[in-house]
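Please read the following report with the sequence and the 3D view side by side.

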Amino acid sequence: MPELKRNIFISAAILGIFGILGATLVSLTWTATAERIALNQKQAFLNNVFKLIDKEEIDNDLLTDVITLHAPSLAKTEFKAYRARKAGKPVAVIFSPVQAPGYASPINLMVGIRHDGTLGGVRVLSHMETPGLGDKIDAERSDWILSFTGKSLGNPPLEQWKVKKDGGVFDQFTGATITPRSVVATVRKALEYYAREKENLFKAPAQKLDEVPMH
Amino acid sequence: MSTSNREIISNGLWNNNQALVALLGLCPLLAVSNTLINGLGLGLATTLVLISSNATISFIRNWVRQEVRLPVFVLVIASFVTAVELAMNAWFHDLHKILGIFIPLIVTNCTIVGRAEAFASRNPVPQSMLDGLSMGMGFTLVLMTLGGLREFIGQGTILAGAHLMFGEAARSLSFSMGADYHGLILAILPPGAFFGLGLLIALKHVIDKRNAQRADKPAQAPTAEPAAAEG
């Protein structure tokens, strides 16, 4: 029995020592990288935003001028509205992440809407669409997503906010209609939401963002 | 038992290639081999973990008792993978975003615990590090070959996304067949990975057989050539 106890103790001690060493290594790396990782995430987010609304047009800190919204037609979970201003005047609002129902799983979008209701642009943040078919919504794969820039609820007329196959103005892809159809419908809903909520969106008091947006 | 450095290298790169012969680490191998750069990124991360974990495990091999060695190996490997993941997130942020879940999954790559158990726990530190390097490079080369093949056949590009790894200057490295090339989508989809790996394994067998025949030839009379066995 004492022999067994001794063995258990030694084994546990060895494991414990390596636990401490492992935790030390991980903590040291964490300390060394945490700041840089947060900065990367912030930069990646801002780079996306600046593709929709030009950097020069914004002079406020987007990450501190945020409100959290809940609209089941735009996203199942909460999403954020980042408000872009210049000299205190509203310039645009960035909805992120807006979710369009995808073929496989939700497509996360970032939608930038200018104060006058025209689209600054739309970008896909992440998606699980079929490579080679539905993934053409990604700006890295094709220019399709750029066709939203400058559009608004009146341009094209509301009944033409559809893919061409359904009588609208937006292209679909050969072999993948579901994906573009869903993205077009969701962007239209985002514009409608903006038209309804416009006043409140810019007035609501900003919240403190306790973490850097992942998108 | 000591293995010569030459043997360690040729085992890692070819004779006991972890992806083509041992068939270990298939999960990342098949999932991340859709482009050459993704393959290179994951391959290098795996190599880094292999070298560090092999070195550590070899260093502690005489102190850790047999009965707790596996938990200790797993702890060492998991710590290194976490460190590598954080480092990649900090310095190769875009690539990290693409490789996503597969970097933490290096923990479960059987190659790593396999080399720890089969090699590092029985050999001195320098050899173990060399083994980690060769095994890692062997794995990386297969990932890159498979990634390059799938990328070229599937979307008609080579080295797309080089800028994710080497910075904006590397954008010019990537080659594209142009927008007219529609690509064979199958190659990009998961089945394409299985077909591609199958073909690479077959190719390795053919080459090995050729080499074996060539080695035999001087001994045999050149007349008796048996019908080619491989189809």
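## Paired strands in chain A

In chain A, strand β2 (residues 79-86) and strand β3 (residues 89-100) run antiparallel and are joined by seven bridges; strands are DSSP runs of type E with at least two residues, numbered from the N terminus, and two of them pair if DSSP finds at least two bridges between them. Within this pairing, Arg83(A) stands opposite Val93(A) of β3(A). The two strands form a hairpin with two residues between them, and Ala87(A) in the turn has a positive phi of about 50°.

β3(A) also pairs with strand β4 (residues 107-114) of chain A, again in the antiparallel sense and over seven bridges, and here Ala92(A) stands opposite Arg114(A) of β4(A). The hairpin that joins β3(A) to β4(A) passes through six residues.

## Basis of the model

This is a predicted model, in which local features need pLDDT of at least 70 and side-chain atom pairs count only at pLDDT 80 or more, while totals for chains, interfaces and linings use all residues. Residues are numbered from 1 along each chain as its sequence is written, and chains are lettered from A and ligands numbered from 1 in the order in which they are written.

## Burial of β3(A)

Because nine of its 12 residues are buried, β3(A) is largely enclosed by the rest of the structure; a residue is buried if 20 or more other C-beta atoms, placed from the backbone, lie within 10 Å of its own.

## Contact between the chains

The contact takes 19 residues from chain A and 22 residues from chain B, where two residues are in contact if their C-beta atoms, placed from the backbone, lie within 7 Å.

Technical notes
Helix = DSSP H or I, 4+ residues; strand = E, 2+ residues; numbered from the N terminus.
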